[in-house]
Amino acid sequence: MPEAPLTLPILIRTIRNAQTQAEERELVQRESAKIRGAFRGDEPDTRASNLAKLLYIHMLGYPAYFGQMECLKLIASQKFHEKRIGYLGAALLLDEKQDTHLLLTNSIKNDLLHPSAWVQCLALSTLGSLGSAAMFRDLAGEVEQLARVGQPSVRRKAVVCAVHITRKVPDLTDTFVALGEQLLADRSHGILHGAVMLIAEMCGRNPQALEHFRKCVPQLVGILHNLVKAGYSPDNSISGISDPFLQVQVLRLLRILGRDNEEISDAMNDVLAQVATNTDTARNVGNAILYETVLTIMGVLSASGLRVLAINILGRFLDNKDRNIRYVALASLQKLLQAESSAVQRHRSTVLACLTDPDPTVKRRALQLSLALVNSSNVRATVKELLDFLSTCTPDLKSDCASGIFLAAEKFAPNKRWHIDTVLQVLTMAGAYVRDDSVPNLIHLIGGVKELHSYAVQLLYEALAQDISQQPLVQVATWCIGEYGSLLLAGSCEEIEPKQVDPEELLSLLERVLQSHLSLPATRGYALTALMKLGTHLQGNSINRIRRLVSIYCSCHDIELQQRAVEYNALFRKYDHLRASVLEKMPLVDKAGCSEEGSERGQPGREISLALNIPEVEPPGSSESSQVSDLLCLLGEPAEPSPLQPVTDTSVATGSVLDLLRDLKAPASALSRLVVYDRDDLLVEFSMERPPLETTLLLITAMVSNRAPGDVTAFSLQVAVPKSFQVELLAPSGSTVRGQGGPPVTQLVRILNPRKLPLRMRLRLAYTLPSGTAVQQIEEISSFPEAAWQ
């Protein structure tokens, strides 16, 4: 005898009592087979109960697609409980992509015209939840008619369904314009709430509807005024506030209608001030209304006093015990900072107090807003608070905090000494979390303030002696010790009490950096260079100790360190008389040139090193013609240059060499311009020429111009060519491409093509648009003219 099917309560209980997933799956499959058999046998008496069980199985995640047609059969039933199960199944099992929509449309249309309000509500609910555009077009008239006349419950559902229709098919907005205007006069809060939602949806999607409903602003202001002044009503009040849901919807609609319209904004100023001052904040519903009021005040052209009141409301939110309200207030203040900077600045102390909030999301928002509040008048006090926060914050916030302090100090520093002190504190507390450009930026900062060299090197020496784990701090300290170590040895400092350092202590500290397992290869490179530069101020045993330390790295596995050590060792062995002149203090380099990514060959991430070409000593009487010949050899160096290639002056930059040769060589043959990049109003053109004396050399001048009104910042260009070519990418004229009318940024690219093969090139462009969006693009160029490589 076959097992009888389970009822829905027994099925639920049995599935919940299953011990394993396999047992549950077996039970579901067995019951699904029974339900499928009942559907196939067309048993009308059990169809509703079987579909109810199938819907429960569907909610557990098991397939139930075979019940779709049964839903339509139940919808067409005359019994209300079967129709209700059918509509529920349709809402769960059907969507607008199903082929059964035509049958469903007919059933819904019939039920919309049904005399029973319960059936009409079922049809409206299902239509709003899964109606397609075609279904909405067919039934919009019936929905509009039900929203006008009928029982209040049906009208409410019809208005909500009209909102879904407007959202799905904006073309049908005109169908409901008159309806929305009529419903604003209704006294039922439920219908009024739906009408306001409908009008807001239409105004947001149709400009004609927006202009039409602007004349209803006085009526909306009256509705809001009555809600604020209304007493307690058991049907509509929540926590003592009259219908907060309707108040929020009216405020949103007023914000849409008053945007960019001064006359409409003036008409709502009084009621907005009334809501802002009379709403009770003891309960969360009052805070919700106040927050919506703030958004409306800031979203329309309201009076300045009203805008200050809105900022003060957000400031009071910061003292609320609810962390969600504090988070919303911080996010809103950050959005309003540009428009109302002075009003937001009044709450700076409260914002900084939120840095101690235990909630990490509130803490992150408070950090972002605190960094945005820094300006020239409060930079000292705010950065002091941020430094205290940096010392105690979690690792996931240290990077953002350190970067923000760097930017604030660079932009608003009152003097150079304060700037150096601030950056050093950040490196000391969070050196492992700072940005990659912090080291060259600090080096450039210290190098540009001659009167603070002794102060900076003494501070860095003391910091390095205490901690060698913070790699950026170690790199800056070793660089400064190498450049200004003579001031340490002499003990001269006017800013603080001078401290004379013993040479052996200084060498021992650098040796400790070299031997530390925490030191990166780049850090060891800085330390080696510092040792060599200190050697120009030391004698005797100290020099021998430096030579020993350098020679250790002549067989280092790291190629950069090995090359550096071999070259330094060659200075000691063969060119000791040139060591002092070669290791002179570095001149101050333009910051735009320092920030370029890539080395002399266009390779990103490589530190500018002292890879020396050891010069041969020339006779004193060498003629000018021999110097010109040497310069020409420099520009036409072969693919594998000799490490002992003669150089007449190691301090001459590549650009100055080209300037000299421009007067000495015959005119170069100019080629046609080539547009290689044209996007985001940024135009990159290549102007090419080939020097007649060097037929394998192609000189490309990249000219970058900006057609947009705003400046494009952080522009960088990198070039890659096949291995059979050699490329040299010189420093650009700048990293900011000025807007319309501004001078273009230029950059010279030298390409050596000894085999005269067809030229192919890959470009990598990076820049930041005026909107703040960072862009990276890679372009391949293979359309060079034949004259560029033959």
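1. The crossing of helix 3 and helix 4 is left-handed (left-handed means that the near helix is turned anticlockwise from the far one by less than a right angle, right-handed that it is turned clockwise). Helices here are DSSP runs of H or I with at least four residues, and strands are runs of E with at least two, numbered from the N terminus. Everything in this note concerns a predicted model, in which local features need pLDDT of at least 70 and side-chain atom pairs count only at pLDDT 80 or more, while totals for chains, interfaces and linings use all residues. Residues are numbered from 1 along each chain as its sequence is written, and side-chain values use heavy atoms, with hydrogens and water left out.

2. Let's stay with this helix pair for a moment. Helix 3 covers residues 47-59 and helix 4 covers residues 68-75; their axes come within 11 Å and cross at roughly 135 degrees (axes are lines fitted to C-alpha atoms, for helices over the stretch in contact, with angles from 0 to 180 degrees between N-to-C directions). Helix 3 is therefore oblique to helix 4 (under 35 degrees counts as roughly parallel, over 145 as roughly antiparallel, 65 to 115 as roughly perpendicular, and the rest as oblique).

3. Which residues of helix 3 and helix 4 meet? From helix 3 come R47, A48 and L51, and from helix 4 come E70, C71, K73 and L74 (contact means heavy atoms within 4.5 Å). By class, the contact of helix 3 with helix 4 has four nonpolar and three charged residues, with no polar ones (Ala, Val, Leu, Ile, Met, Phe, Trp, Tyr, Cys and Pro are nonpolar, Asp, Glu, Lys and Arg charged, and the others, including Gly, polar).

4. Now for the overall picture. The chain has 36 helices and 11 strands. Of its 790 residues, 48% count as buried (buried is under 20% relative accessible area, exposed is over 50%, and partly exposed is in between, with a 1.4 Å probe and protein chains only). Take the contacts between residues at least 6 apart in sequence: 65% of them join residues at least 24 apart.

5. Strand 4 (residues 674-679) pairs with strand 5 in the antiparallel sense over five bridges (two strands pair if DSSP finds at least two bridges between them). R679 has L682 in strand 5 as its bridge partner. The two strands make a hairpin with two residues between them, and D680 in the turn has a positive phi of about 55 degrees.

6. On to the next partner: strand 5 and strand 6 (residues 697-706) run antiparallel and are joined by eight bridges. Is strand 5 enclosed or open? Seven of the nine residues of strand 5 (residues 682-690) are buried, so strand 5 is largely enclosed by the rest of the structure.

7. Further along, three strands form an open sheet in the order 7-10-11, with antiparallel pairing. Strand 7 (713-720) and strand 11 (774-781) are the edge strands, each pairing on one side only. From one strand to the next, the twist averages 15 degrees. Strand 10 (residues 761-768) runs antiparallel to strand 11, and eight bridges join them; the bridge partner of R764 is I778 in strand 11.

8. S239, in the loop between strand 1 (237-238) and strand 2 (241-242), has a phi near 55 degrees. S239 is partly exposed, with a relative accessible area of 37%. D243, in the loop between strand 2 and helix 14 (244-258), has a phi near 40 degrees. D243 counts as buried, at 9% relative accessibility.

9. Finally, two single residues. N261 sits in the loop between helix 14 and helix 15 (262-267) and is buried, with a relative accessible area of 19%. Leaving aside neighbours within four places in sequence, N261 is in contact with R214 and L301. L407 lies in helix 24 (residues 395-412) and is partly exposed, with a relative accessible area of 45%. The C-alpha atom of L407 is separated by 9.1 Å from that of L371, and these two residues are 36 residues apart along the chain.
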